[in-house]
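Colleague: Hi! Could you walk me through this model while I have it open?
Modeller: Happy to, let's look at it together.

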Amino acid sequence: MYKKLINKEAKLAVIGLGYVGLPLAMAFAAKLSVIGFDINEERLTSLREGRDPDHEVDPDAFTGKDILFTSSATSLQEASFFIIAVPTPIDAYNQPDLKALLSATRLVGNVLKPGDYVVYESTVYPGCTEEDCLPLLEQISGLKTGVDFKIGYSPERINPGDKEHTLVNTMKIISGVDEESLDVIEDVYALVVKAGVHRAPSIKVAEAAKIIENTQRDVNIALMNELSIIFDRMGINTYDVLNAAGTKWNFLPFYPGLVGGHCIGVDPYYLVHKAKELKYHPKMINSGRFVNDSMGGYIGKKIVKKMIEQGKNILGARVLVMGITFKENVSDIRNSKVVDIINELKDYGVKVDVMDPLASSDSVYKEYGFSLIAAPESEYDAIIVAVAHKDYLKLEESWFLAKTNKQGVLGDIKGVYRGRITQMGYWSL
Ligand SMILES: NC(=O)c1ccc[n+]([C@@H]2O[C@H](COP(=O)([O-])OP(=O)(O)OC[C@H]3O[C@@H](n4cnc5c(N)ncnc54)[C@H](O)[C@@H]3O)[C@@H](O)[C@H]2O)c1
């Protein structure tokens with residue numbers, strides 16, 4: 001298989017060209033003949049023009065690549081090595097939503113031939129690849145894994161917006177249905193991952209490794225959020241405490257904040273789902289989820305209290321929220337917890353303007369039902385810097401003073417202006 005791919009006698013297909021699939025497909029397309037499959041025509045049009053709608057892949061990176069962007073299922077017949085990188089979100093009840101994963105599996109099952117490889121990259125609970133996807137692949141293709149075709153699981157570890165830790169320089173976990181498949185999967189990934197691969201002993205281990213990376217972060221951030229609530233009652237600043245504690249060699253650097261997006265706030269629910277099936281009800285993991293999911297409402301209330309302290313009339317007060325993306329320096333607004341702050345403020349009768357230089361106002365409107373303002377107005381009662389975008393870091397107190405009325409409040413969620421605000425009411429986590 002490896003030789004055929006290298007000699008371009010066989011093609012590699014990536015199904016799902018989002019944050020994970022596109023950089024991967026582009027990296028392989030520098031060495032192999034690649035089919036990039038997606039169901040979103042708008043995205044495909046943009047990719048054919050050499051533009052990544054998520055801005056993770058530079059326009060230059062599109063030149064000279066051997067890649068076909070397509071939504072045609074029949075084009076997939078030409079592929080022999082399939083990588084599935086479709087979304088694995090949760091539903092309204094925080095349960096895994098496997099619709100896209102199973103639909104992509106059916107798609108591949110329909111074109112699978114003897115000798116082919118299927119590697120899953122989507123984040124799933126341990127057991128999902130072999131218990132949910134594999135039976136479907138076998139049923140639809142009429143082929144048997146291990147005998148006719150091979151499967152594997154290799155979780156993605158990219159961090160959107162992070163140009164330092166990339167696909168190329170981050171060790172990749174790989175797993176396969178047997179030793180032979182592990183060898184082939186290792187050779188294929190070694191083409192693009194310079195940091196090397198870690199051979200997990202089983203597919204389930206590889207799935208579990210991925211899910212606990214984000215679960216660990218979620219629980220640790222929840223602890224920081226809880227500490228922040230306690231320290232707020234004590235009148236001490238959490239970041240001051242963390243700076244002091246961080247001088248010890250084994251104190252882990254986690255910080256309080258909103259946990260949104262499609263990984264840290266979602267993956268733990270996949271693990272909880274599987275644990276419950278095994279009759280274990282996780283307490284730590286669920287507590288972490290509870291604390292982190294409550295932070296937006298908590299922050300909204302704290303800002304309202306701070307405004308009251310400053311003598312503000314809350315009903316009809318005007319607040320500017322800066323930043324709507326799920327984290328700093330990305331354009332992705334899905335599962336943004338800033339919306340919880342906004343909704344809390346609106347519940348109190350506060351009028352809220354929202355701006356973000358990286359987010360698309362249309363996408364925000366489609367997802368949350370309000371538009372972004374292009375530029376800040378003045379006479380706000382409070383400003384909340386909800387996301388620490390690079391451009392926001394250099395703002396000085398004079399900038400905030402010019403946009404607020406007397407006794408204005410600055411809500412600094414990530415504590416980036418700590419120690420620099422002397423003339424306004426100030427609150428940070
Ligand atoms: N974004 C991250 O930082 C990150 C990191 C590690 C792992 N993951 C995991 O990787 C997977 C993909 O995440 P993402 O952030 O790239 O998602 P995404 O939403 O950015 O992209 C997914 C792409 O898949 C396409 N798609 C949806 N259903 C499809 C289908 N049935 N067939 C073909 N294409 C389909 C969508 O149109 C979209 O372009 C998820 O399981 C996620 O949890 C994401």
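**Around the ligand**

Colleague: Which residues come nearest to the ligand?
Modeller: G16, G18, Y19, V20 and S122 come nearest, out of 27 residues around the ligand. A residue is near if its C-beta atom, placed from the backbone, lies within 6 Å of the molecule. Before we go on, this is a predicted model: local features need pLDDT of at least 70 and side-chain atom pairs count only at pLDDT 80 or more, while totals for chains, interfaces and linings use all residues. Residues are numbered from 1 along each chain as its sequence is written.

Colleague: Thanks! How does the shell around the ligand split by class?
Modeller: There are 14 nonpolar, 9 polar and 4 charged residues in that shell. Here Ala, Val, Leu, Ile, Met, Phe, Trp, Tyr, Cys and Pro count as nonpolar, Asp, Glu, Lys and Arg as charged, and the others, Gly among them, as polar.

Colleague: And which helix gives the largest share of the shell?
Modeller: Helix α4 (residues 99–111), with 3 residues. Helices (H or I, at least four residues) and strands (E, at least two) are DSSP runs, numbered from the N terminus.

Colleague: What span should α4 have, and what is it in the model?
Modeller: At 1.5 Å a residue, its 13 residues should span 18 Å, and the end C-alpha atoms are 19 Å apart, which agrees. The expected span is 1.5 Å times one less than the number of residues.

Colleague: Which residues of α4 are buried?
Modeller: L101, A104, T105, L107, V108 and G109. Buried means 20 or more other C-beta atoms within 10 Å of the residue's own, exposed means 12 or fewer, and partly exposed is in between, with C-beta atoms placed from the backbone. Those α4 residues pack against β1 (11–15), β4 (79–84), β5 (117–120) and α5 (128–141); a contact needs C-beta atoms, placed from the backbone, within 7 Å.

Colleague: How about α2, how many of its residues are buried?
Modeller: Helix α2 (residues 21–29) is mostly covered, with 9 of its 9 residues buried. The cover includes β1, β2 (34–37), β3 (67–70) and β4.

Colleague: Switching topic: which residues have the most contacts inside the largest nonpolar core?
Modeller: I15, V321 and I384, in a core of 117 residues. Such a core is a set of buried Ala, Val, Leu, Ile, Met, Phe, Trp, Tyr and Cys residues joined through C-beta atoms within 7 Å. This core draws at least three residues from each of domain 1 (2–200) and domain 2 (221–428), bounds that come from an automatic or database domain assignment.

Colleague: How far apart are the C-alpha centres of the two domains?
Modeller: They lie 34 Å apart. The contact takes 14 residues from domain 1 and 15 residues from domain 2.

Colleague: Is Y153 buried or exposed?
Modeller: Y153 is buried, because 31 other C-beta atoms lie within 10 Å. Y153 sits in strand β6 (residues 150–153), and its contacts beyond four places in sequence include V119, Y120 and I203.

Colleague: One last thing: what is the phi of K279?
Modeller: Positive, about 65°, although K279 is not a glycine. K279 is in the loop between α9 (267–277) and α10 (284–309) and counts as exposed, with 6 other C-beta atoms within 10 Å. N335 also has a positive phi, of about 55°, without being a glycine. N335 is partly exposed, with 18 C-beta neighbours inside 10 Å.

Conventions. Contact = placed C-beta atoms within 7 Å.
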